[in-house]
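Dear colleague,

I am passing on the structure below, together with some notes on what turned up in it. Please read them with the structure open beside you.

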Amino acid sequence: MLSNLTAQAPDKILMLIEEFKADTRQGKIDLGVGVYKDPQGVTPVMRAVKAAEHRIWETQTTKAYTGLAGEAEYRSALASMILSEVPADRLASVATVGGTGAIRQALELARLANADVRVFVSDPTWPNHLSIMKFMGLPFTQYRYFDAATRGVDFEGMKADIAQAAKGDIVLLHGCCHNPSGANLTLEQWSEVAGILDASGAIPLIDLAYQGFGDGLDADTEGTRLIAARLPEVLIAASCSKNFGIYRERTGLLMALAENTAARDLAQGSMAYLNRQNYSFPPDHGARIVSTILTDEALRADWAAELEEVRNTMLALRDQLATDLRDLSGSDRFDFIAHHRGMFSRLGATPEQVAALKTDAAIYMVSDSRLNIAGLNRDTVPILARAIIDAGI
């Protein structure tokens, strides 16, 4: 049986990680992998996470299964953080294996409800969105999003394309800190998107992987909250990997906002059923860390303060890089870096220019020129800026 398997194409980002590890040059810079790193190049364990884990270790009396949907306290606390005012009569939710698991379960739920569902997804988007849909055999269409000339959002193109979605189709939206472009919708644009979806009956699936990394915990959910308030049905896939720094704990949440309590109950049962088919009971350790933090005033305040430090560090790096590039180029063509939000920006470089950065300067980024701002520090920003100019970007 095993000899009949077909070799799978390796993940490009994982390949880049291995290539970076094998590079023996001093001063090499990794801007490819999508994790936050502090100025020392470490992905730290947050203070509140350490404290919560210690409390769990001291007080937990069992490792028995949690429920199919996950612990209620975790689901309620995270939903409140995301939506602020949770419409309990409309909300169904399940804990998932990371944000990726939430996306997969959302797509499974959509297909369970509509065998002919199509998915509209931004161009570009997180590559694993496309990989999952291809593996599932779901038909998808990419809508215009990133304008390579302005390095901003092609909003007119986006509106025209998502207007083609029909009732029951899914339109996948990035809640904040768009991956890979870094270019976000304004609140006014979110409102226009809501109007288009309301008119067509297409259902938004919001991927919220970076809450707190852009403009702040509440500001980063303004678009999501607007959509949730305006539309009768909404799916939200949330991740705790980045904002709580618990990447390896695989902690996510899928929320479904329904039109009424009957539809909510159907969604809740179906989502629990899908958990059972995929992995039965969701992992609990990361979820318990999150609920411990969010339900304790002191821990929550310390976590929010450290998250704000992370956000401001990335903003400072963006400003520094944009300023250095403005000085070196004598133009403002790189100012978009300061306007983008989150860990990523897309430079608009060609694959050949990206390859030159790797060959000539030991600077690693994804071939589409997505760079991870959090992979920089104050000392490496000038090195990157000079290399970008030398590469003719």
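How are helix 4 and helix 5 set to each other, oblique or parallel? This is a predicted model, in which local features need pLDDT of at least 70 and side-chain atom pairs count only at pLDDT 80 or more, while totals for chains, interfaces and linings use all residues. Residues are numbered from 1 along each chain as its sequence is written, and side-chain values use heavy atoms, without hydrogens and water.

The axes (lines fitted to C-alpha atoms over the stretch in contact, with angles from 0 to 180 degrees between N-to-C directions) of helix 4, residues 98-113, and helix 5, residues 127-136, come within 11 Å and cross at roughly 40°. The two helices are therefore oblique to each other, given that angles under 35 degrees count as roughly parallel, over 145 as roughly antiparallel, 65 to 115 as roughly perpendicular and the rest as oblique. Helices here are DSSP runs (H or I, at least four residues), as strands are (E, at least two), numbered from the N terminus.

The contact (heavy atoms within 4.5 Å) is made by Thr100, Ile103, Arg104, Leu107, Glu108 and Arg111 of helix 4 and by Asn128, His129, Ile132, Met133, Phe135 and Met136 of helix 5.

Helix 5 also gives the most to the lining of the largest pocket, with seven residues, and helix 1 (12-22), helix 4, strand 8 (203-208) and strand 9 (234-239) are among the elements that each supply at least two. A pocket is an open set of points on a 1 Å grid over the protein atoms alone, where a 1.4 Å probe fits, with protein on both sides within 12 Å along at least five of seven lines, and lining residues have an atom within 4 Å of a point. This pocket is lined by 46 residues, of which Asp11, Ile13, Trp126, Pro127 and Asn128 lie nearest its centre.

With best regards
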